[in-house]
Amino acid sequence: MVESNVTCWQGFVFLGFSSFGELQLLLFVLFLSLYLVTITSNVFIIIVIRLDSHLHTPMYLFLSFLSFSETCYTLGIIPRMLSGLVMGGQAISFMGCATQMFFSASWACTNCFLLSVMGFDRYVAICAPLHYASRMNPTVCAQLVGTSFLSGYLFGLGMTLVIFRLSFCSSHEIQHFFCDTPPVLSLACGDTRLSELGILILSLLVLLVSFFLISVSYAYILVAILRIPSAEGRRKAFSTCASHLTVVVIHYGCASFMYLRPKASYSLERDQLIAVTYTVATPLLNPIVYSLRNRAVQTALRNAFRGSLLGKG
């Protein structure tokens, strides 16, 4: 609970990319283009999976929820950033900042847990194919998705409470384009070591535990693939995991750099540019990677495109 008697400011101001001067217009066009492609691509993936009966499997169910989570994540951050590029520094209330941090952290954590679930799904499909239908039945899939979202919300709430229990007296200008934990934490006055430790512990729990589960799944998968006698069989088995592995490496690489490092290594201007990677670029990679590397999705996309053309014809 926030103590109002020690909070000197009623809100914050995003400085965003104000230091880029005339380049802000160019950044606006670039980020707007990426944002529109990201939203369109993720929504299209969700619709195609929903409409194509060949994709009504646990693997693509989890992919559709990952696309949904990525879409919600960008909706909570990018529109305000784009508005800031056009209108300059933007004010956000204290509660508004806490709300934005809660939802952005929640969706980010949910993405980690969904990636773990997708790794488990690949493990069952490759290591226990005869039991896949029974182990990954609709009830189990719903429980895994529900647990991922609930866990994401709980960790997001924890991170928000750890930050907003502090007082903010030294400055109210956020050298960033959204209420992320490092830039907001840097504005707090007083001793922040306990909060830094809390954020580190929560980040470790989310990133390392989920990544550990993925690593264990793929360790078993690797052993199972190596036991396949034919090279073609090994290639086919690994190809079902390639898209997921690509997304995992990019997602965890960016997140680990941002949240699993000491405060002394923070550089607000550099971190702001890195944040663009996981708020603008990474959500776009999910549909691109699965569209380029997954034949089933490629086929479904082609069928949907042909169907739309025939409908117009």
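Helices (H or I, at least four residues) and strands (E, at least two) are DSSP runs, numbered from the N terminus.

## Basis of the model

This is a predicted model, in which local features need pLDDT of at least 70 and side-chain atom pairs count only at pLDDT 80 or more, while totals for chains, interfaces and linings use all residues. Residues are numbered from 1 along each chain as its sequence is written, and side-chain values use heavy atoms, with hydrogens and water left out.

## Annotated spans and helix α2

The unreviewed UniProt entry places the feature "transmembrane region" at residues 25–48, 60–82, 102–120, 140–164, 197–225, 237–260 and 272–292. UniProt positions follow the numbering used here, feature names are shortened, and annotations may be inferred rather than shown by experiment. Residues 25–48 are 100% helix and 0% strand, with end C-alpha atoms 34 Å apart. Residues 102–120 are also 100% helix and 0% strand, and their end C-alpha atoms lie 27 Å apart.

Helix α2 covers residues 58–75, 18 residues in total, and reaches 26 Å from first to last C-alpha, close to the expected 26 Å (1.5 Å times one less than the number of residues). Of these 18 residues, 14 are buried, so α2 is largely enclosed by the rest of the structure. Buried means under 20% relative accessible area, exposed over 50%, and partly exposed in between (1.4 Å probe, protein chains only).

## Disulfide and other cysteines

The structure holds one disulfide, defined as a pair of cysteine sulfur atoms within 2.5 Å. Cys97 and Cys179 form it, with their sulfur atoms 2.0 Å apart. The link is left-handed, at -125 degrees about the S-S bond. Cys97 lies in helix α4 (residues 94–127) and Cys179 in the loop between β3 (173–174) and α7 (181–185), so the pair ties together parts that are 82 residues apart in sequence.

Cys97 is buried at 0% relative accessibility, and Cys179 is buried at 0%. Cys72 is buried at 18%, whereas Cys127 is partly exposed at 29%.

## Cavities

The whole structure contains four cavities of 30 Å³ or more. A cavity is a set of points on a 1 Å grid over the protein atoms alone where a 1.4 Å probe fits but cannot get out; lining residues have an atom within 4 Å of a point. The second largest cavity has a volume of about 110 Å³, the space filled by probe spheres set on the points, which are joined across faces, edges and corners.

Its lining has 14 residues, with Phe14, Gly16, Met81, Gly84 and Leu85 nearest the centre. Helix α3 (residues 78–87) supplies the largest share of this lining, four residues.

Notes. 1 Å grid on protein atoms, 1.4 Å probe; cavity = no way out; pocket = protein on both sides within 12 Å on 5 of 7 lines; lining within 4 Å.
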